[in-house]
Amino acid sequence: TSLQDALNNWKEKNNGEDYANAKLVKLLGQIPPIEKLESQVLNALVECEHLSLSSNRITNMVDLDMPKLRILSLSRNMIKKIVGLDGVRNTLQELWISYNKIDSLSGLNRLENLEVLYIANNDVTKAVELEKLAELTELKSILLKENPF
């Protein structure tokens with residue numbers, strides 16, 4: 001399923017609500033799954049505060065510029081690298097990214113207001129990666145279990 005098709009299906013299931021104005025957009029477990037994210041499509045969700053793209057087959061993150069995004073759920077995908085979060089660095093408070101293939105915590109250090117990080121069941125093999133979280137002064141909750149370090 002393309003991201004645009006998934007949003008069109010969401011609109012249909014939500015009585016024609018315009019997804020650009022929705023605060024909560026859940027596109028989890030699409031059949032067939034979403035495999036590719038597109039910045040232009042995601043960044044049209046200008047009012048979105050909580051975006052769930054969990055349980056798909058997404059392999060790469062893209063540059064996000066969503067001015068109200070507070071919660072981003074990308075768990076249970078195939079993501080290898082954390083990128084594209086500079087555009088939400090001031091607003092993102094929760095990042096749920098467990099059950100992926102991430103081996104580095106690079107890309108998180110600029111998230112000024114991140115309070116919750118769920119990154120369990122990934123491929124982080126070096127404990128030194130945890131030092132990259134030192135700049136996250138607002139971090140209150142972190143879940144790192146089942147990483148091989």
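This section describes the fold, the nonpolar core and the salt bridges of the protein. The structure is a predicted model, in which local features require pLDDT of at least 70 and side-chain atom pairs count only at pLDDT 80 or more, while totals for chains, interfaces and linings use all residues. Residues are numbered from 1 along each chain as its sequence is written, and side-chain values use heavy atoms, with hydrogens and water left out.

The secondary structure consists of 2 helices and 6 strands, where helices (H or I, at least four residues) and strands (E, at least two) are DSSP runs numbered from the N terminus. From the N terminus on, these elements follow the order α-β-α-β-β-β-β-β. The C-alpha trace spans about 45 × 30 × 20 Å along its principal axes. A compact globule of 149 residues would have a radius of gyration near 15 Å, and the value of 15 Å for the protein agrees with this; the radius is taken over C-alpha atoms, and the globule rule is 2.2 Å times the number of residues to the power 0.38. The accessible surface comes to about 7,800 Å², of which 46% belongs to carbon and sulfur atoms (Shrake-Rupley method with a 1.4 Å probe; for residues, only the protein chains shown count as cover). Of the 149 residues, 41% count as buried, where buried means under 20% relative accessible area, exposed over 50%, and partly exposed in between (1.4 Å probe, protein chains only). Among contacts (heavy atoms within 4.5 Å) between residues at least 6 apart in sequence, 39% join residues at least 24 apart.

A nonpolar core is defined as a set of buried Ala, Val, Leu, Ile, Met, Phe, Trp, Tyr and Cys residues joined through side-chain atoms within 4.5 Å. The largest such core holds 42 residues, of which Leu-42, Leu-51 and Leu-53 touch the most other members. Helix H1 (3-13) and helix H2 each supply at least two residues of this core, and H1 gives the most, with 4 residues. Apart from neighbours within four places in sequence, Leu-42 is in contact with Leu-3, Leu-37, Leu-51, Leu-53, Val-62, Leu-64 and Met-66.

Side chains of opposite charge can pair when their charged atoms come close. With a salt bridge taken as a side-chain nitrogen of Lys or Arg within 4 Å of a carboxyl oxygen of Asp or Glu, the count comes to 6 salt bridges. Glu-49 pairs with Arg-70, the closest N and O atoms being 3.6 Å apart. This pair links distant parts of the chain, 21 residues apart: Glu-49 lies in the loop between helix H2 (39-42) and strand E2 (50-52), and Arg-70 in the loop between E2 and strand E3 (71-73). Glu-49 is partly exposed at 22% relative accessibility, as is Arg-70 at 33%. Lys-23, Glu-49 and Arg-70 are linked in a network of salt bridges.

A salt bridge also joins Lys-140 and Glu-115 (3.8 Å, N to O). Lys-140, in the loop between strand E5 (116-118) and strand E6 (141-143), is 25 residues from Glu-115, which lies in the loop between strand E4 (94-96) and E5. Lys-140 is exposed at 63% relative accessible area, whereas Glu-115 is partly exposed at 25%.

The side chains of Lys-132 and Glu-129 form a further salt bridge (2.9 Å, N to O). Lys-132 is partly exposed, with a relative accessible area of 30%, whereas Glu-129 is buried, at 10%. Glu-129 is found in the loop between E5 and E6. Beyond neighbours within four places in sequence, Glu-129 contacts Asp-103, Ser-104, Leu-105, Ser-106 and Val-124.
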